[in-house]
Amino acid sequence: MSRPLLQIALDDQNTPDAISSLIALGDVVDIIEIGTILYLQEGKAAVEVIRAMYPQKRILADTKCADAGKTVAQNCKDAGATCMTVICSATIQTMVAAKQAIGEVQVELYGNWTFDDAQLWMDNGIDQVVYHQSRDALLAGKTWTDEDLNKINQLIRMGFKVSVTGGLDVTSIERFKGLDVYAFIAGQSLREAESPKAAAIAFKDEINRVFA
């Protein structure tokens, strides 16, 4: 079992705010995510700026692409992204077209999806998924459950690299002990911390402890 990576979700409203977030912790995290909110506000320009700042980092464009996979993926790649997301309701053709263009895609698991769907993705070379507690679900009081963990474990057993996100902080990591999680994705708990760098280091230390 490998140690999970740490991904920062930049769901800022504009690029200057995203840069402010990154300056404090960009060197600590493993993956930089141009969050959906930021991507919708600023488009590929946000990717280009952050790629220039971190030429060696993995950068993910959280487009949640539902259609025009090839075009969206090529735009993301040209801007400097190494990966992008597609929504689980997208057709397999959209997912495959995106992967062929950019090389790496993650399927965002929202709403109604099945393990038969997941097998279709895997059969077509789509081997990364993001398991969510959505922002709206968290605001409604939903938390991580054994049912969530069982689904994550089944996806891992199918061969997926599973990233998890949704209200995560340092105290959440222990909940996933024993699961071969690919990456933990944190947003507000890092960006809005009193010391974002210290918060990111604490996250990494806890990951190393739990997954030693």
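1. Ser21 is found in helix 1, which spans residues 15-25, and in this predicted model the residue is buried, because its relative accessible area of 10% falls under the 20% limit for that class. Its side chain is joined to the side chain of Asp12 by a polar contact of 3.4 Å.

2. Ser172, by contrast, is 12 residues from Phe160 in sequence, and the C-alpha atoms of the two are 21 Å apart in space.

3. Thr165 is found in strand 7, made up of residues 161-165, and with a relative accessible area of 12% the residue is buried. The side chain of Thr165 reaches the backbone oxygen of Ile185 at 3.2 Å. With residues up to four places away in sequence left out, Thr165 touches Val130, Tyr131, His132, Gln133, Trp144 and Ile185; Tyr131 and Trp144, named among these contacts, are also members of the aromatic cluster taken up in the last point.

4. How many salt bridges does a search of the whole structure find? The search finds 8. One of the pairs is Lys64 with Asp62, whose closest N and O atoms are 2.8 Å apart. The two partners fall into separate accessibility classes: Lys64 is partly exposed, with a relative accessible area of 21%, whereas Asp62 is buried, with a relative accessible area of 4%. The value for Lys64 may be read with some care, because the limit below which a residue counts as buried is 20%.

5. Asp146 forms a salt bridge with Arg175, and the closest N and O atoms of this pair are 3.0 Å apart. The pair links distant parts of the chain, since Asp146 is in helix 8 and Arg175 is in the loop between strand 7 and strand 8 (183-186), 29 residues apart. Arg175 counts as partly exposed, at 37% relative accessibility.

6. A further salt bridge is formed by Arg209 with Glu174, where the closest N and O atoms are 2.6 Å apart. This pair, too, links distant parts of the chain, with Arg209 in helix 10 (residues 196-210) and Glu174 in the loop between strand 7 and strand 8, 35 residues apart. Arg209 is partly exposed, with a relative accessible area of 49%, and Glu174 is partly exposed as well, with a relative accessible area of 36%. The pair is part of a network of salt bridges that links Glu174, Glu206 and Arg209.

7. A search of the whole structure finds 5 aromatic pairs. Why is the pair of Trp144 and Phe176 classed as edge-to-face? The centres of the two rings are 5.2 Å apart and their planes stand at 80°, and because planes over 60 degrees apart count as edge-to-face, the pair receives that label. The pair links distant parts of the chain, with Trp144 in the loop between helix 7 (135-139) and helix 8, and Phe176 in the loop between strand 7 and strand 8, 32 residues apart. Both Trp144 and Phe176 are buried.

8. Phe176 also forms an aromatic pair with Phe184, again edge-to-face, at 5.4 Å centre to centre and with 70° between the planes. Phe176 counts as buried at 0% relative accessibility, and Phe184 counts as buried at 0% as well. These residues belong to one aromatic cluster, formed by Tyr131, Trp144, Phe176, Phe184 and Phe211.

Definitions and conventions. Residues numbered from 1 in each chain as written. Heavy atoms only, no water. Helix = DSSP H or I, 4+ residues; strand = E, 2+ residues; numbered from the N terminus. Buried < 20%, exposed > 50% of the residue type's maximum accessible area, 1.4 Å probe, protein only. Polar contact = N/O pair within 3.5 Å; in protein donor to acceptor, adjacent residues only side chain to side chain. Contact = heavy atoms within 4.5 Å. Salt bridge = Lys/Arg side-chain N within 4 Å of Asp/Glu carboxyl O. Phe/Tyr/Trp six-rings, centres within 6.5 Å; stacked < 30°, edge-to-face > 60°.
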